[in-house]
Amino acid sequence: MAESSYDVVVVGGGPGGYVTAIRAAQLGMKTAVVEREHLGGICLNWGCIPTKALLRTAEVFRNAKNAEEYGLKISGLEFDLKKIVERSRGISKQLSEGVGYLLKKNKVDVIDGHGKLAGKGKLVVEKDGKKIADLTGKHIILATGARARALPGLEPDGKLIWTYKEAMVPDVMPKSMLVVGSGAIGIEFASFYHTLGVDVTVVEVLPRVLPVEDEEISAFAHKAFEKDGLKIMVNATVKTLKKGADSVTASIESNGKTTELTVDRVIMAVGIVGNVEEIGLETTKIEVDRTHVVINEWCETAEKGVYAIGDLAGPPWLAHKASHEGIICIEKIAGEKGVHPLNTLRIPGCTYCHPQVASVGLTEAAAKEKGYDVKVGKFPFIGNGKAIALGEPEGMVKTIFDAKTGEMLGAHMIGAEVTELIQGYAVGMTLETTEVELMETVFPHPTLSEMMHEAVLDAYGRVIHF
């Protein structure tokens, strides 16, 4: 077991870690990635990608059920749960193998094991409890990610009470389900299972679903979910979960009243905690705040030569944030010119439920709280020809501008394909666009993107099609 010396050692091969390693190699650094489970991390294996595969199945199923609206006739429509899961897992496997290929192509060493800091510039790698490597690195980047949060007394058991992992690989389709938490993860699973016929109830402790979204979008989503048949309980807390032979009875407190609900399965989706344990932090000056490593704008920790990125380093907990953060970190280390700290306000967020939700920048309330005099524009899907042609006339696009400068402060959307549309506004905000440039931009017709134009026009009293 010879000691190996590197310029950069990345602990964790998820979307933050592997991207950072590839960029480091591109910059001429001798680089290694230490990964204890699957290349691609939670995102490729148990998060972003496999859930989107499941949700695509649900979307196709939904469209097939509504085929007559499009002049089509389909009879005997059924689904094969085993094949649904196999497709999702197959896609994850394909992409994980693709990450391995990219690392090999870029001459990044991949070490299969659990990495742990072991002194200045040193890392010990263990596998099955045995030490397999001693590594030294001029720069060590921690990208160990996060895991599902467990609430005391409501801990998942993997059988009746699920985390996202069990929810992705069900062996049977439950008839009823309770989803605890209405953030992106909870709502996406609620949407998937509901579309396939499960009686789903969502419980949210806060006053509204998708609580990080703009209040108007959140309210629109709540109505759309209920119209579709989802049961939503806000200002509600699950106090206890009593497990039966093949069911769970939840005691739910809401507005001073307690009700009981018995379901086949429960999904816990109440946030995440950083993987800060067993990586040697206690031997360093690194600070941990609420399970997340404290960093500065360049991802540096309090321990010289050690950095942290992605979910480990705090919100927003998004794969694309982790990747971008890693690029900034390694380019700063390499002394590249023009490197800028990450502006989290310009990171778009997407929720792939039905209808989809996407946003970037400040909400209307947050902009006002910061003292901005705002101009707000809105445009509904029902005013867009492409949306009507798609059979997706429900939704809206909302824009927020600084009334004094014309700076775009935020954009919020709900409806078909908004997770693809939001990037247009994200690019605009990165370019520090004002309403003038957006108004003068020619949007193609007929497209959903025309609503982005109209929402800007509306903020300045110039809307055309509504």
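**Close-up views of a predicted model**

**View 1. Lys243 and its partner across a strand pair.** Lys243 has Val248, a residue of β13, as its bridge partner. The model is a predicted one, in which local features need pLDDT of at least 70, side-chain atom pairs count only at pLDDT 80 or more, and totals for chains, interfaces and linings use all residues. Residues are numbered from 1 along each chain as its sequence is written, and side-chain values use heavy atoms, with hydrogens and water left out. Between β12 and β13 (residues 248-254) the pairing is antiparallel and runs over 7 bridges; strands are DSSP runs of E with at least two residues, helices are runs of H or I with at least four residues, and both are numbered from the N terminus.

**View 2. The open sheet of β12, β13 and β14.** Three strands form an open sheet in the order β12-β13-β14, with antiparallel pairing, where two strands pair if DSSP finds at least two bridges between them. Its edge strands, each pairing on one side only, are β12 (236-243) and β14 (257-263).

**View 3. Ser251 within β13.** Ser251, which lies in strand β13, is buried with a relative accessible area of 12%; buried means under 20% relative accessible area, exposed over 50%, and partly exposed in between, with a 1.4 Å probe and protein chains only. Apart from neighbours within four places in sequence, Ser251 is in contact (heavy atoms within 4.5 Å) with Thr237, Val238, Lys239, Thr240, Thr258 and Thr259.

**View 4. Helix α13 and its surroundings.** Because 9 of the 10 residues of helix α13 (residues 450-459) are buried, this helix is largely enclosed by the rest of the structure. Among the buried residues of α13 are Glu450, His453 and Leu457. The buried residues of α13 pack against the strands β22 (374-380), β23 (396-402) and β24 (408-414), and also against the helices α11 (418-430) and α12 (435-440). After α13 comes Gly461, whose phi is positive, near 70°.

**View 5. The lining of the largest cavity.** Thr51, Leu54, Leu55, Ile185, Glu188, Phe189 and Phe192 line the largest cavity; on a 1 Å grid over the protein atoms alone, a cavity is a set of points where a 1.4 Å probe fits but cannot get out, and lining residues have an atom within 4 Å of a point. Helices α3 (48-65) and α6 (184-195) each supply at least two residues of this lining, and the largest share, 4 residues, comes from α6.

Conventions
On a 1 Å grid over the protein atoms alone, a cavity is a set of points where a 1.4 Å probe fits but cannot get out, and a pocket is an open set with protein on both sides within 12 Å along at least five of seven lines; lining residues have an atom within 4 Å of a point.
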